[in-house]
Amino acid sequence: MTATALDTGTPELLASLEAGVLTLTLNRPEARNAMTRAMNQALAQQLAQAELNPAVKCVVLTGAGDGFCAGGDVKGMAASGDGTVGPRTIDEAIHLQRVNQRETAGRLFKMPKPTLAVLPGAAAGAGLALALACDLRLMSSKAIMTTAFARVGFSGDYGGTYFMTQLVGAAKARELYFLSERVSADEAVRLGLANWSCAPEELAERTLQITQRLANGPTVAYRYMKENLNRALAGGELHDCLDLEATHHIHCGQTEDHREAARAFVEKREPVFQGR
């Protein structure tokens with residue numbers, strides 16, 4: 001099957017859909033894919049459409065060239081001399097930042113479809129936060145992670161403090177934010193910041209293996225798994241989590257996907273899921 005290129009409205013974000021997998025590529029390799037307003041707006045739009053598009057079974061977020069995303073465009077901020085405010089009032093800038101964060105990192109985390117960050121190279125600052133917002137992370141063995149914020153006098157954004165604290169605990173998250181040290185791919189896997197690491201030349205094949213499983217998996221069950229897991233992460237009370245699991249579990253039992261899986265189990269074959 002041939003990938004279908006999608007128009008994102010900007011060359012700074014590439015999008016393609018193939019066999020249920022939407023691949024979004026941050027495309028400023030000359031700037032290590034540092035984020036811009038146009039890139040963020042396009043990313044937000046593509047994610048909003050993907051959430052409602054039944055043809056999209058899972059989403060891959062990656063970066064062009066040798067990097068994933070360097071975070072905000074620090075050179076641009078230095079040139080303007082005013083951080084992230086620009087011509088806006090502080091209140092306007094804060095509101096815009098909140099909207100941007102919810103529509104990108106927030107949607108990657110909450111949308112009822114699996115999301116995978118594929119890191120060919122460094123993920124720093126807000127770029128790291130976008131990677132951590134995804135459900136799963138695959139890193140090239142040459143890639144690194146760093147919060148980077150302390151090095152540029154920022155406190156952090158795009159949910160990085162939330163995601164990292166959930167993944168590695170408060171003490172380690174504080175260390176990585178305060179000191180902004182680099183984390184290698186192997187160390188990221190050990191800490192739980194990444195799920196897998198592989199040689200750079202194996203990254204595309206490993207991505208395909210993972211996304212094929214996700215795209216061909218039980219869509220309805222994935223939706224409810226993600227909601228259950230997110231509720232637990234948010235500190236949901238035990239009985240509330242149990243009740244939510246019961247509701248979703250019984251609902252999944254009424255789907256054609258479950259009946260097909262049960263038949264396949266008895267017949268000793270792989271199930272073919274239809275997402276209903």
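## Helix contact and strand pairing

G160, T161, M164, T165 and V168 in α5 meet A170, K172, A173, L176 and Y177 in α6, where contact means heavy atoms within 4.5 Å. By class, the residues of this contact comprise six nonpolar, three polar and one charged; Ala, Val, Leu, Ile, Met, Phe, Trp, Tyr, Cys and Pro count as nonpolar, Asp, Glu, Lys and Arg as charged, and the others, Gly among them, as polar.

This is a predicted model: local features need pLDDT of at least 70, side-chain atom pairs count only at pLDDT 80 or more, and totals for chains, interfaces and linings use all residues. Residues are numbered from 1 along each chain as its sequence is written, and side-chain values use heavy atoms, with hydrogens and water left out.

Helix α5 (residues 160–168) packs against helix α6 (residues 170–179) at an angle of about 135 degrees, and their axes are 7 Å apart.

| Strands | Pairing |
|---|---|
| β1 (residues 4–6) and β2 | antiparallel, three bridges |
| β2 and β3 (residues 21–26) | antiparallel, six bridges |

T4 has L17 in β2 as its bridge partner, and S16 has T23 in β3. The β1 and β2 hairpin has six residues between the strands, with G9 in the turn at a positive phi of about 85 degrees. In the β2 and β3 hairpin, two residues lie between the strands, and A19 in the turn has a positive phi of about 50 degrees.

Key
Axes fitted to C-alpha atoms, helices over the stretch in contact; angles between N-to-C directions. Helix = DSSP H or I, 4+ residues; strand = E, 2+ residues; numbered from the N terminus. Pairing = 2+ DSSP bridges.
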